[in-house]
Amino acid sequence: MLFPRKQPPVPPPRVVVTGAGIVTPLGVGWKANADGFRAGRVAIRPVTLFDVSRQRVKASGEVELPPALPDTHLPARQVRRLDRAAKLLLLAAREAWQQSGWKPSTDLPLVLGTTSGGMSLGQDYYRQAIHTPGSHRRQPTRVLHYQAQRQAIDLSDAFGFGGPIILIANACASGANAIGHAWELIRNGRAQRAMTGGYDALSQLVFAGFDSLQALSPTRCRPFDTRRDGLAIGEGAAVLTLETLEHSQRRGAIILGEIVGYGTATDAHHLTQPHPQGDAAFATMTAACQSAGVSPRQIGYLNAHGTGTPLNDSAEAAAINRWAGEHAAKIPVSSTKSGIGHLLGAAGAVEVVICLMALGEQWLPPTSTLETPDPLCAFPLVQKPAKAQLEYALTNSFGFGGANASLVLRRWE
Amino acid sequence: MKVLSSEPENIFIDGIGAVSPAGWGVLPLREALAKGEPLPAKELARPGWTRPLRVRSVPPPSPRPDFMTHPRLRRTSPITQYAVAAALEALGDDAARVRNGSLRLGIVLCVMTGCVNYSRRFYDETLKDPATASPLVFPETVFNAPASHLAALLGATALNYTLLGDPGTFLQGLALAADWLLSRRVDGCLVAGAEEIDWLTADAYRLFARKIILSDGAGAIYLRRQSHTAPSVRLHCISEPHLFSSKKQRAHAAQRMRAELPAGNPGHLLCDGIQNLPNIDAQEQEAWQDWPGARLSPRAILGEGLAAASAWQCVAAIDALRQRQHPAASVSVVGCNEQAIGAHFVIS
């Protein structure tokens with residue numbers, strides 16, 4: 001029964017990460033990405049997936065997909081029908097699943113965040129519907145696989161598990177909200193484990209949308225730089241396997257880190273612009289730290305939303321300054337979007353994995369394109385690869401519609 | 001591990017709202033369902049075809065609701081207008097309490113096709129010339145735009161999720177709202193299901209069932225921990241969402257959902273998802289063939305409104321309890337491509 005619910009356990013169980021899969025423009029898998037983020041590589045390149053000849057901006061963070069997908073329970077016919085977004089998701093999930101050592105079961109919730117599901121299939125459908133309105137060839141498949149729930153079901157089928165599917169579409173905070181929600185499901189005793197994450201593939205509609213808003217950088221995405229002029233769009237996926245500490249220890253699992261706090265709030269200021277003082281961002285960081293039982297001074301690294309747009313970064317800087325107060329000067333902050341672009345529904349999940357890497361391997365990922373830090377920032381911006389001693393990291397995700405989310409992670413020794 | 005033993009965890013329905021092909025409000029919905037006749041379908045032009053599509057769409061509001069003059073709502077597409085109208089009706093006087101900051105409101109918006117009008121329009125503009133594609137339209141294509149506008153209108157800054165999925169997602173949204181309320185993270189929670197008609201979606205659904213008639217609108221339910229209405233309607237239970245990806249699994253999922261809900265008696269109401277389309281209805285009909293009580297099938301009258309239709313089912317069931325027509329009502333949603341899920345409401 002979804003309701004009435006079981007009484008939540010007291011105290012709530014600790015929730016650990018036992019598997020993490022990641023696909024970004026830097027590569028497929030933990031190692032390629034850890035190497036890339038640690039070194040501060042930039043993977044923004046010319047768009048090849050669709051025509052950008054008439055766009056103002058012509059570069060993005062495209063993923064180089066492997067020629068074949070790994071073997072799963074999906075039949076070849078079903079694999080052929082997967083769109084780009086579903087492939088990104090499957091690749092990330094496969095890595096997390098293998099790492100976790102989980103076995104198929106029928107009670108495993110799947111909580112995913114996405115902004116556009118299989119948008120490229122929707123685009124194909126529309127073009128055919130307009131140009132050859134009498135032809136239905138391949139249209140039913142496009143309709144089915146365009147829908148995010150189909151991608152989620154394909155993922156469940158691929159690994160042979162079942163359970164409730166929850167799809168959160170909170171714009172660019174979707175991935176962080178999904179992980180936060182999965183964390184809450186386990187903390188509230190609704191599940192002992194959950195698979196969660198976020199994904200999005202590049203699509204012409206979304207690229208053109210951000211370009212129409214003049215939100216894309218015509219030069220180089222430089223978060224928190226005085227001369228920042230916009231973001232880069234990217235694509236990717238990250239998937240985590242979460243479980244109670246007790247469950248993971250019982251089966252002798254390798255623990256990658258712990259999720260200890262989650263906060264979410266709504267910025268009602270404007271559909272696409274944050275409140276100038278970052279009120280909701282301040283609220284989410286505060287709430288996430290409260291639920292984690294930590295103060296800003298304990299946060300050793302902050303992975304900012306840091307899109308590189310003038311408005312986002314100034315609002316986020318104001319919020320961080322306010323939230324951290326006198327400790328701001330001691331909290332290293334970076335935006336990893338400088339290297340891979342903004343991965344929209346995948347961003348929050350990918351940035352959680354980056355925090356796990358940083359905590360596990362004790363380094364700080366730089367904002368490698370940063371030239372002149374905005375004096376608004378009262379905090380040190382990580383510009384070069386650096387080693388660090390980290391116990392806690394916080395990651396921010398903010399989206400259109402005022403969807404804001406923050407997560408706090410802890411190192412696992 | 002210890003568990004809390006506290007007072008019973010009750011969730012009450014404090015308000016309902018609806019916008020449907022029957023009109024703006026719960027009253028026209030109630031009247032259309034009481035009449036029991038399918039609403040007439042309208043024609044919707046489909047580019048490239050001489051024969052139009054058939055849909056049931058929401059009639060223009062009369063008078064135009066005041067909220068539509070709000071700066072955030074002037075340029076929105078119908079889905080936002082429907083969601084906001086249904087939400088405000090459900091909230092009633094508590095809208096003022098949200099605005100003055102004395103009530104923390106959670107918002108859960110559930111959609112399947114979402115903001116398709118502007119998505120189609122924006123993509124069409126992009127294909128013609130991306131340099132002139134409207135920056136005002138693009139942000140309205142995002143799934144959570146309606147929930148964001150609603151939050152802005154009310155000044156609601158608490159939890160706000162937009163859930164995607166097939167029509168069963170609306171009942172998942174109710175369970176999420178109940179969780180937020182019981183964990184004291186909000187004082188009240190609105191759950192809305194909303195959709196808007198477009199030739200693109202009507203065209204797409206026709207590929208799967210030629211006789212299906214899509215419709216649009218919204219339904220909203222306002223949940224609280226205490227009841228402020230008479231009679232009080234309480235959320236009794238929501239089943240697990242039973243997943244399926246084939247017709248065979250769909251039948252099994254419907255059976256499992258049915259088995260989780262109370263058996264029912266001759267005085268009870270079942271508000272089902274039947275559309276009078278045998279191909280689509282078979283698995284749900286089979287699951288409920290032994291239902292002993294009255295039945296109401298809003299989709300057969302209003303059309304396949306996807307997430308909005310599941311919301312209408314719940315609104316209709318709750319309204320019937322409020323009208324003291326039945327002491328209890330079950331809602332059955334056997335979705336189109338994801339899950340079978342049900343709920344049960346009782347007069348408390």
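Contact here means heavy atoms within 4.5 Å.

Before you go on, note that this is a predicted model, in which local features need pLDDT of at least 70 and side-chain atom pairs count only at pLDDT 80 or more, while totals for chains, interfaces and linings use all residues. Residues are numbered from 1 along each chain as its sequence is written, chains are lettered from A and ligands numbered from 1 in the order in which they are written, and side-chain values use heavy atoms, with hydrogens and water left out.

**Stop 1: the sheet under the helix**

Hide the helix and look at the strands. Three strands form an open sheet in the order β4-β5-β9 of chain B, with mixed pairing. Which are the edge strands? They are β4 (42-44) and β9 (214-215) of chain B, each pairing on one side only. Two strands count as paired if DSSP finds at least two bridges between them. Strand β4(B) pairs with β5 (residues 53-56) of chain B in the antiparallel sense over 3 bridges.

**Stop 2: where the two chains meet**

Now show both chains. Here 79 residues of chain B are in contact with 68 residues of chain A. The two chains bury about 6300 Å² between them, 61% of it on carbon and sulfur atoms. Buried area is the accessible area (1.4 Å probe) that two parts lose on being put together, summed over both. Select B:Y123, B:F138 and B:Y161: these supply 11% of the area that chain B buries against chain A, more than any other three residues.

Next, select A:R190 and B:D179. They form a salt bridge, with the closest N and O atoms 3.0 Å apart. A salt bridge is a side-chain nitrogen of Lys or Arg within 4 Å of a carboxyl oxygen of Asp or Glu. How many salt bridges does the rule find across this interface? There are 4. Another pair to select is B:E9 and A:R5, a salt bridge whose closest N and O atoms are 3.3 Å apart. This pair crosses between chains, from the loop between β1 and β2 (12-20) of chain B to the segment before β1 of chain A.

For a strand that reaches across, select β7 (residues 165-168) of chain A and β7(B). They pair in the antiparallel sense over 2 bridges, and the bridge partner of A:I168 in β7(B) is B:L163.

**Stop 3**

Finish by zooming in on chain A. The peptide bond from A:F3 to A:P4 is cis, with omega near -5 degrees, and A:P4 lies in the segment before β1 (9-10) of chain A. A cis peptide bond also joins A:V10 and A:P11, with omega about -5 degrees. You will find A:P11 in the loop between β1 and β2 (15-24) of chain A.

Last, select A:F224, which has a positive phi of about 65 degrees although it is not a glycine. A:F224 sits in the loop between α8 (204-212) and β9 (236-244) of chain A.

Key
Helix = DSSP H or I, 4+ residues; strand = E, 2+ residues; numbered from the N terminus.
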